[in-house]
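Here is a short briefing for a first look at this structure. Please keep the sequence and the 3D view at hand while reading.

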Amino acid sequence: MNPLTVAQHDTATGPVLHVAGDLDYDHAPVLRGRLDQLSLSPGQCLVLDLSGLEFCDSSGITALLAARQHALAAGADVVLAAVPANLMRVLTLVGLHQVFTLRPDSSAAS
């Protein structure tokens, strides 16, 4: 198991969270806790850069959906950037590729 790290940097269009490690049952609360502390304004775009993500289970997907709800509740958008191939396959199988805005990398998300 790899611990989850969430690093943030702010851009002109909104925050970018770099998520790395395992987003699973044990570590999903780390991301959810970060989201609870994150202040978003209407019109901003929250980017979740998943380039460092090594594993994601159903709890992780639920955390990603919570990020989407957090952004939408604030009147902001959310983008998943650099989604690893294994997670992209799961998102596609369950139809979430149509729910999330997906970008090849975090620079293309802004």
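With 110 residues, a compact globule would have a radius of gyration near 13 Å, and the protein chain agrees because its own value is 13 Å. That radius is taken over C-alpha atoms, and the globule rule is 2.2 Å times the number of residues to the power 0.38. This is a predicted model: local features need pLDDT of at least 70, side-chain atom pairs count only at pLDDT 80 or more, and totals for chains, interfaces and linings use all residues. Residues are numbered from 1 along each chain as its sequence is written, and side-chain values use heavy atoms, with hydrogens and water left out.

**Overall chain**

- The C-alpha trace of the protein chain spans about 35 × 25 × 25 Å along its principal axes.
- The protein chain holds four helices and five strands. These are DSSP runs, numbered from the N terminus: helices are H or I with at least four residues, strands are E with at least two.
- Their order along the sequence is β-β-α-β-α-β-α-β-α.
- Of the 110 residues in the protein chain, 42% are buried. Buried means under 20% relative accessible area, exposed means over 50%, and partly exposed lies in between (1.4 Å probe, protein chains only).
- Take the contacts between residues at least 6 apart in sequence: 67% of them join residues at least 24 apart. A contact means heavy atoms within 4.5 Å.

**Surface and charge**

- The protein chain exposes about 5500 Å², and carbon and sulfur atoms supply 52% of that area. Accessible areas come from the Shrake-Rupley method with a 1.4 Å probe; for residues, only the protein chains shown count as cover.
- There are 5 positive and 10 negative side chains in the protein chain. Lys and Arg count as positive, Asp and Glu as negative; His and the chain ends are not counted.
- The centres of the two charge sets lie 8 Å apart. Each charge is placed at NZ of Lys, CZ of Arg, CG of Asp or CD of Glu.

- Ser106 sits in helix α4, which covers residues 106-109.
- Ser106 counts as buried because its relative accessibility is 17%.
- Ser106 contacts Val16, His18, Val47, Asp49 and Ala81, leaving aside neighbours within four places in sequence.
- The side chains of Ser106 and Asp49 are joined by a polar contact of 3.2 Å. Such a contact is a pair of N or O atoms within 3.5 Å; within protein, one must be able to donate a hydrogen and the other to accept it, and residues adjacent in sequence count only if both atoms are side-chain atoms.
- Leu48 is 58 residues from Ser106 in sequence, yet the two C-alpha atoms are 7.7 Å apart.

- Leu80 belongs to strand β4. Its relative accessible area is 0%, so Leu80 is buried.
- Leu80 and Leu50 are 30 residues apart in sequence and 7.0 Å apart from C-alpha to C-alpha.
- Ala82 lies in the loop between β4 (77-81) and α3 (85-93). With a relative accessible area of 19%, Ala82 is buried.
- Most residues other than glycine have a negative phi. Ala82 is not a glycine, yet its phi is positive, at about 55 degrees.

- Ala20 is part of strand β2 (residues 14-23). Ala20 is partly exposed, at 25% relative accessible area.
- Beyond residues up to four places away in sequence, Ala20 touches Pro3, Leu4, Thr5, Gly52 and Leu53.
- Gly60 lies in helix α2 (residues 58-73). Gly60 counts as buried, at 0% relative accessibility.
- Leaving aside neighbours within four places in sequence, Gly60 is in contact with Leu23 and Ala28.
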